[in-house]
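Subject: Handover of a structure and the findings on it

Dear colleague,

Please find the structure below, together with its sequence. I would be grateful if you kept it open while reading the notes that come after it.

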Amino acid sequence: MDPIQKQINELEHEVISLRREFHMFPELGFAEFETAVKIEHYLRNIGLTTKRVAGTGIVSVFDSGRPGPCLMLRADMDALPIKEAGDLPYKSKNEGVMHACGHDAHIAMLLVASKVLKTNKDLFAGKIKFVFQPDEEVAGAVKMVKHGVLENPKVDAVMGLHIWSLIPSGRVCISSGVVMGGLDVFKMKVKGKGGHTGYPHEAIDPVIAAASIIQSVQAVQTREMDAQKPTVIMFGKLAGGEKSNIIPEEVYLEGTIRFLHDTDPDGPESPSNRFVRICKSVCQAHQCNCEISIEHENIPLVNDEKMAGFARKVAADVFNSPDIIDAGQYIASEDFSEYSSRIPGVFIFLGCANKDKKSDFPHHNPSFNIDEDVLTKGVELHVKGALEFLRPV
Ligand SMILES: [Zn+2]
Ligand SMILES: [Zn+2]
């Protein structure tokens, strides 16, 4: 066992108890007040300085004192509005809030990585920027970028990882190109003219227009987009009307457009622009008006080819085998894309599924849990990634 691996393995108990502590006290996006204080406390205790960014975000720069590039290591901090199921001894104590995506583990792994790197200053040249980011679930990275997280010192490359229950423990997924999807959120009002259901000809029915919209936009996925460019349009909310015999004035719809390809979200070819065109045309056909707002919540996450190659090399070393590395893409979205669209970046999926340990529930499920045996591997990916990227020449 190499000395770094040995040092990390000795901290296994610490990384597990940190993860459990964060798991017990989850906080929602931009309300990670206690979480932020605990992170600051830990970093200051090991002799690092901290700076607040965008409210609850924390940045800590560790300078080796030798010239070299600046690598950013990022962990997200927020939990979800989910009531935790089961009765784990470290179950959430904040009713209705739960770390159901693994961000508790991300904080713990990066904190312990910072501790290990702090004691190995002689092994690298350049700077490491540890970033603890709020509100990943609603694109908090945008705010971090606006508040200058990539500047001062200027970041040259970024690395991040996500605990992933779709992959078995002991395996990782590292690909280049698009690895996670873009996400646009739409809200729409279809406006007609209310009336009596006995006399629909006197009214303009927004219900039939809405039904037609739901059907028609499916053609974006199946007829307009290249089959090699996965696109998923889903309606998550449909509301309208008060009573069985009244034609309502309007129907309200909400949903998501996800796409696993690097298409300009504002360009004419984008799924959202095609979606809007069809919605408007269908409304017009039914004599309705429609108001549509589209919010680009996440751009697709694209891994830089060189950075992905570098990460594969590091992962092969961490797991003592290149055979544990899979390639793959996931259509869920991640605001890490806000960093990797600006500087070369790599996002690694760290498998944590183990049926026997019940750590194979999907992310965002009330029973979501992780296999804590993989935590030291996550720490090692951060540490060895930084040491390899910042290797003195
Ligand atoms: Zn999530
Ligand atoms: Zn997540």
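Predicted model: local features only at pLDDT ≥ 70, side-chain atom pairs only at ≥ 80, totals over all residues.

Residues are numbered from 1 along each chain as its sequence is written, chains are lettered from A and ligands numbered from 1 in the order in which they are written, and side-chain values use heavy atoms, with hydrogens and water left out.

Donors here are N, O and S atoms within 2.8 Å of the metal (3.2 Å for Na, K and Ca); water is not among the atoms, so sites may look incomplete. Which protein atoms hold the zinc ion (ligand 1)? They are Cys101 (SG), Glu137 (OE), Glu137 (OE) and His364 (NE2), at 2.1 to 2.8 Å from the ion. The angles that these four donor atoms subtend run from 51 to 155°, which makes the arrangement irregular. As for that term, four donors are tetrahedral if all angles lie between 85 and 135 degrees; four are square planar and six octahedral if opposite donors are over 155 degrees apart and all others between 65 and 115; anything else is irregular. Along the chain, the donors of ligand 1 have the spacing C-x35-E-x226-H. Glutamate 137 lies in the loop between β4 (127-133) and α5 (141-146) and histidine 364 in the loop between β16 and α11, so the pair ties together parts that are 227 residues apart in sequence. Helices (H or I, at least four residues) and strands (E, at least two) are DSSP runs, numbered from the N terminus.

The zinc ion (ligand 2) has Cys101 (SG), His103 (NE2) and His162 (NE2) as its protein donors, 2.1 to 2.4 Å away. Their spacing is C-x1-H-x58-H. Cysteine 101 bridges the two zinc ions, which lie 3.2 Å apart. Cysteine 101 is in the loop between β3 (70-76) and α4, and histidine 162 in strand β5 (residues 157-168), so this pair ties together parts that are 61 residues apart in sequence.

**The nonpolar interior**

A nonpolar core is a set of buried Ala, Val, Leu, Ile, Met, Phe, Trp, Tyr and Cys residues joined through side-chain atoms within 4.5 Å. The largest one has 68 residues, and Phe132 and Val172 have the most contacts inside it. Helix α4 (residues 103-118) gives the largest share of this core, ten residues. Apart from it lies another core, of 25 residues, including Val59, Cys173, Ile343 and Phe349.

**Helix α6**

The buried residues of helix α6 (residues 206-216) are Pro206, Ala209, Ala210 and Ile213. They cover an arc of only 100° around the axis, which puts them on the same side of α6; the arc is that of the directions from the helix axis to the C-beta atoms. An α-helix has 3.6 residues a turn, so residues three or four places apart point the same way. Among the elements that cover these buried residues are β8 (182-191), β10 (231-240) and α8 (271-285).

**Individual residues**

Aspartate 371 is in the loop between β16 (345-353) and α11 (375-389) and, at 4% relative accessibility, counts as buried. Its side chain makes a polar contact with that of serine 169 (2.7 Å). A polar contact is a pair of N or O atoms within 3.5 Å; within protein, one must be able to donate a hydrogen and the other to accept it, and residues adjacent in sequence count only if both atoms are side-chain atoms.

Glutamate 242 lies in the loop between β10 and β11 and is exposed, with a relative accessible area of 78%.

Finally, asparagine 152 and proline 153 are joined by a cis peptide bond, with omega about 0°. Proline 153 is in the loop between α5 and β5.

Yours sincerely

Conventions: Buried < 20%, exposed > 50% of the residue type's maximum accessible area, 1.4 Å probe, protein only. Contact = heavy atoms within 4.5 Å.
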